Each structure stands twice: as C-alpha cells, then as structure tokens.
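Subject: Structure for your review

Dear colleague,

Please find below the structure that I am handing over to you. My findings follow it.

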Amino acid sequence: MAATSLTPGLPGLIVNGVLLGAAAVTVAPLVWMLAVSLMSPGEASTFPPPLVPGQPTLANYRELFAHAGMGRYLVNSVVLTVSVTLVSLLFNVAAGYAFAKLPFTGRDRIFKFLLAALVIPGQVAMVPLF
C-alpha cells in the first residue's frame with residue numbers, strides 16, 4: 001500500500017490560498033463592524049481608523065437595548081423563529097413518515113413534485129416572462 005502525502009501540490013496550495021483570501025475578504029467587514037461597535041463614540045472617525053478599539057466599551061449596546069427598543073425586537077425574533085421552526089418540524093416529520101411508511105394514491109408523483117420544488121430555486125419563478 002502506497003503512503004499518501006499530506007502536503008498538497010502546487011495547484012492545491014493555489015486553490016487553498018485563493019479560498020483563504022476570499023474568506024478573509026468576506027470576514028473582514030464583519031470583524032470591522034464588531035470592532036467599531038465596541039469603540040467609544042467618535043473613535044472610528046479618526047484617521048487612520050484603529051483596527052482594534054483602544055478601550056472596548058459596551059455603552060453602544062446598552063444604548064441600543066435601552067433607548068432603541070432592541071430588546072423587544074430580539075425577543076419577537078426569537079419567539080417567531082422558535083415557533084416557525086417547531087411548526088415546520090412537526091409538519092415535515094409527519095410528511096416524512098407518510099412518504100416513507102404509508103401507501104397512498106399519487107405518493108410517487110407528489111414526492112417527485114416536492115423534490116423538484118427543492119431542487120429548482122425559487123428565484124427561477126421570479127424571472128419575468130415578457
């Protein structure tokens with residue numbers, strides 16, 4: 001049995017380098033937003049802008065939750081997300097059981113239609129036909 005090398009060749013290094021660069025470009029704005037949210041007011045406006053807050057503070061988050069009503073919005077989002085997930089889980093488990101165990105007329109046709117609906121993205125239906 002031949003031993004395989006754990007080091008990728010040059011094409012593998014190039015692909016991994018490109019993917020790592022794309023990941024860094026994608027994550028950089030998110031890291032910047034988090035850093036700015038922890039900065040004191042006006043600190044992000046200085047030139048050059050600091051990449052890391054000098055004195056991290058949670059005052060911006062306190063302001064957000066106290067005066068902007070973000071706490072209520074967060075609770076609403078969590079309640080809606082949990083309830084929709086539970087209802088979806090209930091219906092999908094029941095449908096999965098029916099398709100797997102119960103013989104009924106048109107089962108294969110309905111199953112193929114559901115699979116097609118999952119495979120074809122919804123954006124296809126949004127294309128104007130004129």
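**Helix 1 and its surroundings**

Helix 1 comprises 28 residues and reaches 40 Å from its first C-alpha to its last, close to the 40 Å expected at 1.5 Å a residue. The expected span is 1.5 Å times one less than the number of residues in the helix. Helices here are DSSP runs of H or I with at least four residues, strands are runs of E with at least two, and both are numbered from the N terminus.

This is a predicted model, in which local features need pLDDT of at least 70, side-chain atom pairs count only at pLDDT 80 or more, and totals for chains, interfaces and linings use all residues. Residues are numbered from 1 along each chain as its sequence is written, and side-chain values use heavy atoms, with hydrogens and water left out.

Within helix 1 there is a kink of about 30 degrees at Val27, shortly before the proline Pro29. The bend at a residue is the angle between axes fitted to the seven residues ending there and the seven starting there.

Ser37 belongs to helix 1, which covers residues 10–37. Is Ser37 buried or exposed? Ser37 counts as buried because its relative accessibility is 17%; buried means under 20% relative accessible area, exposed over 50%, and partly exposed in between, with a 1.4 Å probe and protein chains only. Leaving aside residues up to four places away in sequence, Ser37 touches Thr57, Asn60 and Tyr61, where contact means heavy atoms within 4.5 Å.

**The loop between helix 1 and helix 2**

Pro41 is located in the loop between helix 1 and helix 2. With a relative accessible area of 72%, Pro41 is exposed. Pro41 and Val27 are 14 residues apart in sequence, and their C-alpha atoms are 23 Å apart in space. Pro48 also lies in the loop between helix 1 and helix 2. The peptide bond from Phe47 to Pro48 is cis, with omega near -5 degrees. In general, most peptide bonds are trans.

**Helix 3**

Val93 is found in helix 3, residues 70–101. Val93 counts as exposed because its relative accessibility is 53%. Between Val93 and Val78 there are 22 Å in space, C-alpha to C-alpha, and the two are 15 residues apart in sequence.

**The protein as a whole**

The protein has four helices and zero strands, and its pattern along the sequence is α-α-α-α. Its radius of gyration is 25 Å, whereas a compact globule of 130 residues would have one near 14 Å. That radius is taken over C-alpha atoms, and the globule rule is 2.2 Å times the number of residues to the power 0.38. The C-alpha trace spans about 70 × 60 × 45 Å along its principal axes. Of the 130 residues, 5% count as buried. Among contacts between residues at least 6 apart in sequence, 7% join residues at least 24 apart.

As to confidence, the protein averages a pLDDT of 87, and 92% of the residues score at least 70; pLDDT is the predictor's confidence in each residue, from 0 to 100. Among the elements, helix 3 has the highest mean pLDDT (94) and helix 2 (residues 59–67) the lowest (87).

Yours sincerely
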